[in-house]
Amino acid sequence: MTAFTTLPLKPALLASVETLGYDEMTPVQQQSLPPMLAGRDVIAQAQTGSGKTAAFGLSLLQSLDADTIRLQALVLCPTRELADQVSKAIRKLAANIPNVKLLTLCGGMPLGPQLASLTHDPHIVVGTPGRVQEHLKRGSLHGGGIRVLVLDEADRMLDMGFSEAIDDIIGRIAKHHQTLLFSATWPDEIRGVSKRVQKDPVAVTVDAPAEERPAIEQQFIELEQTSKPDALAQLLSGEKGQHALVFCNMRKDVDAVAQELDRRGHSALALHGDMEQRDRDEVLVRFANHSCTVLVATDVAARGLDIVALPLVVSYDIAHDPETHTHRIGRTGRAGQTGLAITLCTPRERPKAANIEALSGAPLPWRPLKLAPTRSKTLQLAPMKTLVIDAGRQDKLRPGDILGALTGDAGLAANDIGKIDVFATRAYVAISRALAPKALERLRAGKIKGRNFRVRPLG
Ligand code: AMP
């Protein structure tokens, strides 16, 4: 009984499911869809990749009345990246229901265009809590008709400090609504939120089957605080250091560690919560396209990161609590490919290691680290370099146009060109480091889509 046809879904939704090629429900869908479709509140433990988006997407579309022009479903997500993904997924599921209007409302984007598109309430809003709250406060969005509220990746939203905004939003929408809460982890705060905002919820937990669980090798290293910079540089010198995420507990340390790595010849970048959206985007682009090898981040900042399955994750400081530790190490490893998660721990930080050990129920894998004598600076350059083009979607620029300009007139091989990211007013293209000057020169001399745009190297 795992086919979608066993569910009381509208034919239009069953048709979308078929088009998308979903033959069977995932475990989270099997358990959460029946109570959700029956109108119950649900709290579900679900990770990215579990099929959670389709679960709540189908449920909210089932109860949607497209003929009534009012906001009926609100999905809150921790980051713009996730809100974009969720919007896309719901649009696909809604493809066979005529006239469904969905709007994505996120912070970090100008308010003006959002206000302009809000002359009529959409049926569905997917957004980040701060911005949705602002629209409800301003009266540019009306919550009185909301039937379904989804809190997606609720644990990350709390980590990012959205708790108050969420409470405020709930105070501004229809009293009687269904609340669907999805969260990878269920720390006490999440249970608290569920108690506060849900009524008699059905709890859904699903264990990932062993073969799908990523293989993660953990190593714990005890050392003095003063040895951490040397230890980190040494750990990052291996092959896995070509794409590594380093966690610090404090924002100020993020910058210091990134600078220290940079000084030692690694191409490291820092990511923390209070960076401008554009700087954040650039750092994420450069890390994802391999023009930076090491990303140093706080937990909060890294939660917005969509890059999963990195070969190496290092906790420069051991996490304050076991849940955060679990989140961190979950960034590495993927089915069939072992990831390495290394935790540095000073003698003073030992009690935190004990907490992690207590939760895991097994002795921690401590290993010694012999620090090699400090070598002269060895450059660990990233394999790619990023070029920025001052034009984007607004100029109708598409990845294919950039690829065309580089492989055509500029004469580069497709192999030398990496990831291309096109934003509203800007585009980024990764080029093999050695060929970046040539690509830059050619792009400047030639045209993209018949036009001259400003192009410059990043970093
Ligand atoms: P999510 O956990 O929502 O991020 O979804 C992970 C991926 O699984 C997405 O690419 C979905 O399109 C896909 N997916 C969701 N439900 C199913 C299903 N029942 N069968 C196959 N793929 C699915």
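At what angle do helix α2 (residues 27-37) and α3 pack, and how far apart are their axes? The legends below take up this question and others for a predicted model.

**View 1. Packing of helices α2 and α3.** Helix α2, which spans residues 27-37, packs against α3 at an angle of about 20 degrees, and the axes of the two helices are 9 Å apart. Because angles under 35 degrees count as roughly parallel, α2 is described as roughly parallel to α3. The crossing of this pair, α2 and α3, is right-handed.

**View 2. Packing of helices α3 and α4.** Helix α3, formed by residues 52-62, and helix α4, formed by residues 80-93, have axes that come within 9 Å and cross at roughly 50 degrees. That angle makes α3 oblique to α4. Where α3 passes α4, the crossing is right-handed.

View 3. In the side chain of Tyr22, an N or O atom is 2.5 Å from an oxygen atom of the ligand. Backbone atoms take part as well: a polar backbone atom of Gly51 is 2.7 Å from a ligand oxygen atom, and a backbone N or O atom of Ser50 lies 2.9 Å from an oxygen atom of the ligand. Of the 500 Å² of accessible area that the ligand has on its own, the protein covers 65%.

Terms used: Residues numbered from 1 in each chain as written. Predicted model: local features only at pLDDT ≥ 70, side-chain atom pairs only at ≥ 80, totals over all residues. Heavy atoms only, no water. Polar contact = N/O pair within 3.5 Å; in protein donor to acceptor, adjacent residues only side chain to side chain. Areas by Shrake-Rupley, 256 points an atom, 1.4 Å probe, with all protein chains shown as cover. Axes fitted to C-alpha atoms, helices over the stretch in contact; angles between N-to-C directions. Helix = DSSP H or I, 4+ residues; strand = E, 2+ residues; numbered from the N terminus. Parallel < 35°, antiparallel > 145°, perpendicular 65-115°, else oblique. Left-handed = near helix turned anticlockwise from the far one by under 90°.
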